[in-house]
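Biologist: I would like to learn how to read a structure feature by feature. Could we take one case at a time?

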Amino acid sequence: MGERKGTNKYYPPDFDPAKHGSLNGYHKTHALRERARKLSQGILIIRFEMPYNIWCDGCKNHIGMGVRYNAEKKKVGNYYTTPIYRFRMKCHLCVNYIEMQTDPATCDYVIVSGARRKEERWDMAENEQILTTEREEKEKLETDAMYKLDHGGKDKEKLTKALPSLSEIQDYQAGWKDDFQLNSSLRRKFRVEKKVLAEQEEKDNALKMRANLSIPLLPEKEEDKKLAGLLTYQTPDSYEDKRHSKRKEIASRSWFNTSSTPAGGAAGSLLHKLSLQGKEAAVAKALGSSQSPLIRRRSSGSGAKAEQCATRTQGTSQQEELPTQTEKSQSIGSPLGLEKNHTNSKELVAKIAKETDQRLIDTVDCGKEKEESKSSGGITSLVADYSDSDSDS
């Protein structure tokens with residue numbers, strides 16, 4: 001460092017080493033620059049580090065150990081031949097000044113003003129530790145023989161009291177005396193544990209890949225195993241099984257509503273019954289009206305039977321249609337009709353079936369009469385006319 005510093009220094013032409021001595025003497029400046037601005041008063045500015053925790057008296061804030069300040073250092077006295085220095089610094093949180101000085105007698109720092117120490121000192125007597133001999137006591141042991149004899153007796157008593165604990169500590173440390181054996185046993189135990197951990201990690205990774213998981217797995221416990229053993233898992237039915245069961249249910253379901261319907265589904269069952277009645281009425285109307293408008297007399301002869309058959313069929317269909325419409329109006333119009341429909345559904349279905357059978361019988365009888373009239377050679381014939389006009393084709 002010394003040779004590097006001298007390479008970039010400029011020496012002016014009027015520089016005289018014998019007169020100035022150095023460049024600092026030539027410029028009439030100190031080597032420490034601003035740090036030596038109060039050197040004439042015996043004060044040098046240094047970088048001071050707080051030796052322990054303190055409380056500032058100005059702002060009442062805590063200042064921790066190790067906080068650094070620009071402090072004014074000056075000599076205030078001597079402890080024998082050791083100088084005592086005082087440090088004055090400004091708090092970084094307020095305008096208060098703190099003064100501290102060295103204490104060579106206790107190898108510590110003492111606060112003079114501006115702060116108070118945070119009491120965190122270790123008391124060796126309270127913690128049953130061996131105390132260092134004080135200087136006064138050491139001088140007394142060296143000069144007073146009776147005090148030394150008495151002090152030695154007290155030390156022997158302390159030794160006899162501490163022997164059991166000392167022997168126990170020595171026996172405990174004897175098992176850890178062989179460092180090589182201790183290290184070998186620890187490394188052997190660590191290898192076994194490492195192998196187990198590697199196997200468990202491999203199993204966990206395989207399970208994560210199989211189940212497509214990205215969360216860490218916890219170790220197994222006996223409670224988890226018992227709980228998993230009590231659970232039963234069932235595979236859901238496939239699409240084909242569900243469709244087969246649904247078709248089987250539809251095929252086995254009755255076409256007619258049962259009388260034991262739940263109270264909550266009365267409205268739905270009533271609408272279903274009304275739709276069934278409408279279908280039956282439409283069938284009856286089609287069967288009844290298929291004879292009267294499409295069959296007419298072509299010639300005036302002995303067709304009285306055919307007219308009578310058509311009239312009977314039309315009258316029967318009208319009589320059957322009227323009760324159906326009346327029942328529908330009653331069932332829709334009044335709440336009593338709703339209850340009646342709900343309770344007498346079986347009787348209504350039986351009545352409709354009976355009327356349908358009677359209609360079929362009448363239709364068959366009319367057909368037989370028409371065949372007999374044809375065979376007897378009568379003039380009258382019934383022709384089905386599907387045209388819109390009444391003119392003969």
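**Reading the features**

Modeller: Let us begin on the surface. This is a predicted model, and in it L159, L163 and L166 make a nonpolar surface patch of about 260 Å².

Biologist: Where does L166 lie?

Modeller: L166 is in helix α5, which covers residues 145-174.

Biologist: Is L166 buried, partly exposed or exposed?

Modeller: The class is read from relative accessible area: under 20% is buried, over 50% is exposed, and partly exposed is in between. L166 has 38% relative accessibility, so it counts as partly exposed.

Biologist: Now the inside. Which residues of the largest nonpolar core touch the most other members?

Modeller: A core is a set of buried nonpolar residues joined through side-chain atoms within 4.5 Å. The largest one here has 17 residues, and those touching the most other members are M50, I54, I63, M89, I98 and M100. At least two residues of this core come from each of the strands β1 (44-49), β2 (54-56), β4 (68-79), β5 (82-90) and β6 (97-103).

Biologist: What does M50 touch, leaving out residues up to four places away in sequence?

Modeller: With those left out, M50 touches I63, G64, M65, G66, V67, Y69, M89 and M100. Of these, I63, M89 and M100 are also on the list of core residues that touch the most other members.

Biologist: How many disulfides does the count come to?

Modeller: The test is a pair of cysteine sulfur atoms within 2.5 Å. By that rule there are 0 disulfides. C56 is in none, and the nearest cysteine sulfur, that of C94, is 3.7 Å away.

Biologist: Next, charged pairs. How many salt bridges does the structure hold?

Modeller: A pair qualifies when a side-chain nitrogen of Lys or Arg is within 4 Å of a carboxyl oxygen of Asp or Glu. The structure holds 6 of them. One is between K38 and E72, whose closest N and O atoms are 2.8 Å apart. K38 is in the loop between α3 (23-27) and β1, while E72 is in strand β4, so this pair ties together parts 34 residues apart in sequence.

Biologist: Are K38 and E72 buried, partly exposed or exposed?

Modeller: K38 counts as partly exposed, at 26% relative accessibility, whereas E72 is buried, with 18%.

Biologist: What does the salt bridge between E49 and R68 tie together?

Modeller: The closest N and O atoms of E49 and R68 are 3.5 Å apart. E49 lies in strand β1 and R68 in strand β4, so the pair joins parts 19 residues apart in sequence. E49 is partly exposed at 42%, and R68 counts as exposed at 53%.

Biologist: And the pair K225 and E220: what is the N to O distance?

Modeller: Their side chains meet in a salt bridge at 3.9 Å. K225 is partly exposed, with a relative accessible area of 47%, and E220 is exposed, with 66%.

Biologist: Last, the chain as a whole. How many helices and strands does it have?

Modeller: The chain has 12 helices and 10 strands. Of its 393 residues, 17% count as buried. Its accessible surface comes to about 31900 Å², with 55% belonging to carbon and sulfur atoms.

Technical notes. Residues are numbered from 1 along each chain as its sequence is written. This is a predicted model: local features need pLDDT of at least 70, side-chain atom pairs count only at pLDDT 80 or more; totals for chains, interfaces and linings use all residues. Side-chain values use heavy atoms; hydrogens and water are left out. Patches are made of residues with over 30% relative accessible area and no salt bridge: like charges are joined within 9 Å, nonpolar side chains (Val, Leu, Ile, Met, Phe, Trp, Tyr) within 5 Å. Accessible areas come from the Shrake-Rupley method with a 1.4 Å probe; for residues, only the protein chains shown count as cover. Helices (H or I, at least four residues) and strands (E, at least two) are DSSP runs, numbered from the N terminus. Buried means under 20% relative accessible area, exposed over 50%, partly exposed in between (1.4 Å probe, protein chains only). Contact means heavy atoms within 4.5 Å.
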